[in-house]
Amino acid sequence: MSAQTEYNELLAKLAEVNDLHKAAALLSWDQQTYMPPKGAKARGEQLATLSALAHRLFTKSQVGDTLQRLAEASAELSPDENKTVELTQWHYDRATRLPEAFVKECSETEAQAFEAWTVAKKNADFKTFQPHLEKLISQARRRADYYGYEGSPYNALLESFERGMTAEKIQPLFAEMAARLSDLTARILASPNQPKTDWLDDTEWAVDRQWDFSILILREMGYDFDAGRQDKSAHPFTTNFDLHDVRVTTRLHPKMLFSGFRSSVHEGGHALYEQGFLDADRRTPLAEAISLGIHESQSRMWENMIGCSRAFWTNYFPRLREHFPQELNDVTLDELVRAVNKVDRTLIRVEADEVTYGIHIVIRFEIELALLEGELEAADIPAAWNAKIKEYLGLDVPDDGVGCLQDVHWSYGAFGYFPTYALGNLYAAQMMPRIEKDLPQLWEQVGRGELLPLREWLRKNVHEVGSRKTAPELIASLTGRGLEAEPFLAYLEKKYGELYRL
Ligand code: ZN
């Protein structure tokens, strides 16, 4: 069989696996949006069946043999074809290195741990969760051994979410970020120029008008409603079944005008990424995000750097006022921009603002790293957590429910996931000077509500790349440098220096 014939057969197989995953994604979307509660049991069974089928189809030994022959015939394949083979090999290794018995053991532990975590969090009782956490950590260490790694065992887990990134690269960047953000937060809170937000907090913001405004913004960002839709869900998310069907959800609250807006813009940033893959890459591993961190760079660039900028609101404040004429009658542009960028210390990661958010991530990263490297055990987590919150944010943690039990991630064994949130901020900020160089009118355009030039830049330089590069490769190709914390920290220090007149 020629290499080309064999490659086409591989593509056909990948397309089938892809379709099963996308069908599962659609069932999962429905589960989080419209499914009636009594449908949960059957939906769980259907999802488990589809994912088992996809796994079985993909991990067949013939796939491994085909990949090996194609790797040897690389001279006969195009660069994109070789990249597809390489990525498929990577996915194949990840899917086949864990023994079946171990995978089963992990999913049982995770199911029980999730139940225990729900109770533990509600009662702020770490002891209930601790034995489960001990098992989860031991399994995470074993998983790292099965995957294999260079340097820290943490790298094996990080690789699942952020291919090409290592703990050794992240550590110095995060240490610098924690120190600088901690200092910036203290200076902001000590400033006499605090934003006035009573107009925001004391008003009922009709959710149907919030909804209309969010649709308007998504349209202006260039989100294609013929290839997507927005719905409501308890936790906002983006999902795709194809690049021509990318859906977002939002959550609206009558007391929080900007929470739903930010959700929509954030998920809109994710969605533009997925709508921006190339048609030619459909149903192959090339039409996938580079990493969770790069995905997050897109959402956070739109949400924070664009959606919370003065330039953006110069154009959109009058549009927002058309939706809320009475409520915003006495509010000035300056008050609005300062309110949407209000900084405050909080114990809760998901409530944190742009400045303090990174601190919450550094704390989780440092703890996870110590756990994986055997320097910390489950029992030590609460003390370590509380000490770091005190050190970086100056806050006392009253109980573990608002401390180390607040996030769901560890209960399903997702160690190595948290850094991707903060990496997204770093990637976005490092891309921005290059964007400003290529689009010298960027901020004037944003100030006129012309958001499409930015979308086009991102489409060409990030979205259409698909998975052809790793995150470090993409950043190097765009900026000529390795990943740095400086652009993000400089951006925050400038922006908040002005807002709070520091
Ligand atoms: Zn996101």
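Student: Which residues is Phe-174 in contact with, leaving aside its neighbours within four places in sequence?

Tutor: This model is predicted, so keep that in mind throughout. Phe-174 is in contact with Ile-361, Val-362, Phe-365, Pro-419, Ala-422, Leu-423 and Leu-426.

Student: What makes two residues a contact?

Tutor: Heavy atoms of the two must be within 4.5 Å. The residues listed for Phe-174 meet that rule.

Student: Which residues have the most contacts inside the largest nonpolar core?

Tutor: Phe-174 and Trp-313 do. That core has 134 residues.

Student: Which helix gives the most to this core?

Tutor: Helix α15, residues 357-372. Its share is 11 residues.

Student: What other core lies apart from it?

Tutor: One of 19 residues. Leu-14, Leu-50, Phe-58 and Leu-77 are among them.

Student: Where does Ala-422 lie, and what does it touch?

Tutor: Ala-422 is part of helix α17, residues 419-438. Not counting residues up to four places away in sequence, Ala-422 touches Phe-174, Met-177 and Ile-361.

Student: How far apart are Ala-422 and Gly-164?

Tutor: In sequence, 258 residues. In space, 16 Å from C-alpha to C-alpha.

Student: What does Val-63 touch?

Tutor: Leu-10, Lys-13, Leu-57, Phe-58 and Tyr-92, leaving out residues up to four places away in sequence. Phe-58 also belongs to the core of 19 residues.

Student: How far is Val-63 from Leu-184?

Tutor: Their C-alpha atoms are separated by 52 Å. Along the chain the two are 121 residues apart.

Student: Where is Gln-89, and what does it touch?

Tutor: Helix α4, residues 79-96, holds Gln-89. Gln-89 touches Leu-67 and Gln-68, with residues up to four places away in sequence not counted. Gln-89 and Gly-64 are 25 residues apart in sequence, and their C-alpha atoms are 7.7 Å apart in space.

Student: What makes Arg-251 partly exposed?

Tutor: Its relative accessible area is 40%, so the label partly exposed applies. The limits again are 20% and 50%. Arg-251 lies in the loop between β3 (245-250) and α11.

Student: Which residues does Arg-251 touch?

Tutor: Ser-233, Ala-234, His-235, Pro-236, Ser-259, Gly-260 and Ser-263, not counting residues up to four places away in sequence. Phe-312 is 61 residues from Arg-251 along the chain, with 22 Å between their C-alpha atoms.

Student: What is the phi of Arg-501, and where is Arg-501 found?

Tutor: Phi of Arg-501 is near 45°, another positive value in a residue other than glycine. Arg-501 is in the segment after α21 (486-499).

Student: Now the whole protein. How do you know how its radius of gyration compares with that of a compact globule?

Tutor: For 502 residues, a compact globule would have a radius near 23 Å. The protein has 23 Å, so the two agree. The C-alpha trace spans about 75 × 50 × 50 Å along its principal axes.

Student: How many helices and strands are there?

Tutor: There are 21 helices and 3 strands.

Student: What share of the residues count as buried?

Tutor: 55% of the 502 residues. Each of those is under 20% relative accessible area.

Notes:
Residues numbered from 1 in each chain as written. Predicted model: local features only at pLDDT ≥ 70, side-chain atom pairs only at ≥ 80, totals over all residues. Heavy atoms only, no water. Helix = DSSP H or I, 4+ residues; strand = E, 2+ residues; numbered from the N terminus. Rg over C-alpha atoms; globule rule 2.2 N^0.38 Å. Buried < 20%, exposed > 50% of the residue type's maximum accessible area, 1.4 Å probe, protein only. Core = buried A, V, L, I, M, F, W, Y, C linked by side-chain atoms within 4.5 Å.
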